Amino acid sequence: MKNKIIALFLVAFAFASCDSYLDRTPMDSNSDATNWTSESALEIYAWSLYNNFDAFGSGWTRGQYLSESMSDDYVQDSYSKPTESAPSSNSAWSSPYVEIRRANILLSRVDVVPNLSDAAANHWRGVARFFRAQQYFDLVTTFGDCVWVDKEVDIDDTEALNQPRTDRVTVMKNVCADLEFAAANCRYTTDNTINNMCANALLSRVALFEAAWQKYHANNSAEAAYFYGVAKKAAAAVISSGKYSIHNDYISNYISKDLKGNSEMILYKIYSHTSEGAKVTQAHAMQGWSNSSSKAWGLTKSAVENFTFADGLPIHMGVYSDATIEDIFANRDARLSLICDPEIVCTVGFAYTQGVNSSTGYYTDKFVDWNDYGTTTWSAPYNTTDAPIYTLSEVMLNYAEACAELEDLGSAAMSQNDLDISVNIIRANHAKLPALTYAGKGKVSVNGVEITADPKNTEGISTLLWELRRERRSELMCDGFRYEDLLRWKQGYLLDFSKNPDGYRGISKAALEAYVEAHKGEDLHKGQSMATIEENNFFDDEYLIGFNISVNNRKFDENKNYLEPIPSTQITLHPALGQNPGW
């Protein structure tokens, strides 16, 4: 903590503008007054902002993927619940403002660099505004209203530091404006740096989030239509650019040592290790968390049953059995067997190789490169698979949802082409599923069979929207989108165990018993039995669960848990901030 404070002080000190002796230009070293001499100075400064992409994390730290502490997609290795009281501090509030200041510094220094062409200047302004937008998006999704600062603020600027929060609609329109500027002005590059397509990808994500919030939380159809329109346009720009395409190898997006040349990648994070000849080590533990004796985060019953049958119809329209592992994975969306191993059930007391065991019995190995087995980068924290940041598949899903929502609001017509240029390409290539057919407003069919209302759809959402949400969940399973999706759709109740028990249940006891009976004689499982499993695990209604539900029964408060509380110390220092509802 001490080092962090010193580092922040040095950043603030290096760029503070005040009339003092310390602001005089040093004679023998670089300074803010002498550093900005060429475009390369802007590029070098901008590199630090790339650290804001979590991706697979670094070292033992988890990043975006398979890391949501609250989700109905998988059960983490230990119990977590929503915030219950306002903390005194929260890095989710403070850290973004540090990065926003850095972005604003870059933005202001563009005007200092001599002999910079208008195109180059606007490119770097776009990069700065991209990263500023990224941070404000994080603030709004977490806290709602927040303080908008669009210039470099000195540490003694009390007026700027004490202003009240700006309403979220204004902030998010500013965010969209930043990204629209970046999309219009950032150069297109193929060197895996921020470009106009990255800006459009993030813009489609940002606008889609706020559109759903305005529709499902604020009941503001006009603002919802505005943001859905922005999301659709941004996503369409990426799709129609022709620069990216969906390929047939879904799992390669997550277990490749090198994502260069992958046609779906708009931006990705490169990892490396000295054992592979790299000069700089930047490795992660995503694979290690899944292949060691630490309890792996297993898929839930809800997640597994989200995937359709191979004919493209949801399981409520067919005959589905979870009595054996073979029954569960038979005749399903191809992605299910790529995300979760179809041949392995592993629990405490009946572990797989290297002691691997899962919180739900389902073994989620989406991020495990088995070709890496036994090498120096097999174990955490030395994993070096590259991580997707922005992908064409997410953008296509954003596009399809925006189109369907605009139709639902009566703002724009939906068409078969909207599905054909987005989700149907994903289904054909990644899921090996037949196409969705638009069957009239709010309706959808597959191969002439209209999809009926899912019994789990208790909110009156159109079948078309429900199936697009299903597609999104299946495609982006474990990718770090589910929690925010539930928040924006106002479906926090699905995180509440009493309201969605399938969100914490795993494999059925029947399937587990059948698996144990079939494998108990193998060398790996000698001396292990169903009795051992029952002694070391918890069960609920004949399903394996990750923890003792009688003690750890998560609740979700609809009146306050959609937003985090503003840290109490911040309110004490700046009373004008106010507090979020329910806190």
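Two strands pair if DSSP finds at least two bridges between them; strands (E, at least two residues) and helices (H or I, at least four) are DSSP runs, numbered from the N terminus. The model is predicted, so local features need pLDDT of at least 70 and side-chain atom pairs pLDDT 80 or more, while totals for chains, interfaces and linings use all residues. Residues are numbered from 1 along each chain as its sequence is written, and side-chain values use heavy atoms, with hydrogens and water left out.

**Exercise 1.** Determine how strand 7 and strand 8 are joined.

Step 1. Strand 7 and strand 8 (residues 444–446) run antiparallel and are joined by two bridges.
Step 2. Opposite Tyr438 stands Val444 in strand 8.
Step 3. The open, antiparallel sheet has three strands in the order 7-8-9. Its edge strands are strand 7 (437–438) and strand 9 (449–450), each pairing on one side only.

**Exercise 2.** Describe the sheet with the order 10-12-11.

Step 1. Three strands form this open sheet, and their pairing is antiparallel.
Step 2. Strand 10 (505–508) and strand 11 (538–540) each have a single partner strand, so one side of each is left without a neighbour in the sheet.
Step 3. Strand 11 pairs with strand 12 (residues 543–545) over three bridges. In strand 12, Ile545 is the bridge partner of Phe538.
Step 4. Helix 20 (residues 509–519) packs on the sheet and touches strand 10, strand 11 and strand 12; contact means heavy atoms within 4.5 Å.

**Exercise 3.** Identify the residues that touch the most other members of the largest nonpolar core.

Step 1. A nonpolar core is a set of buried Ala, Val, Leu, Ile, Met, Phe, Trp, Tyr and Cys residues joined through side-chain atoms within 4.5 Å. Buried means under 20% relative accessible area, exposed over 50%, and partly exposed in between (1.4 Å probe, protein chains only).
Step 2. The largest core has 116 residues, of which Phe130, Tyr136 and Tyr390 touch the most other members.
Step 3. Helix 8 (residues 196–216) gives the most to this core, with 14 residues.
Step 4. Another core, of 43 residues, lies apart from it and includes Phe307 and Ile533.

**Exercise 4.** Is Ser379 partly exposed or buried?

Step 1. Ser379 lies in the loop between strand 5 (362–364) and strand 6 (387–391).
Step 2. Ser379 is partly exposed, because its relative accessible area is 36%.

How values were computed. Axes fitted to C-alpha atoms, helices over the stretch in contact; angles between N-to-C directions.
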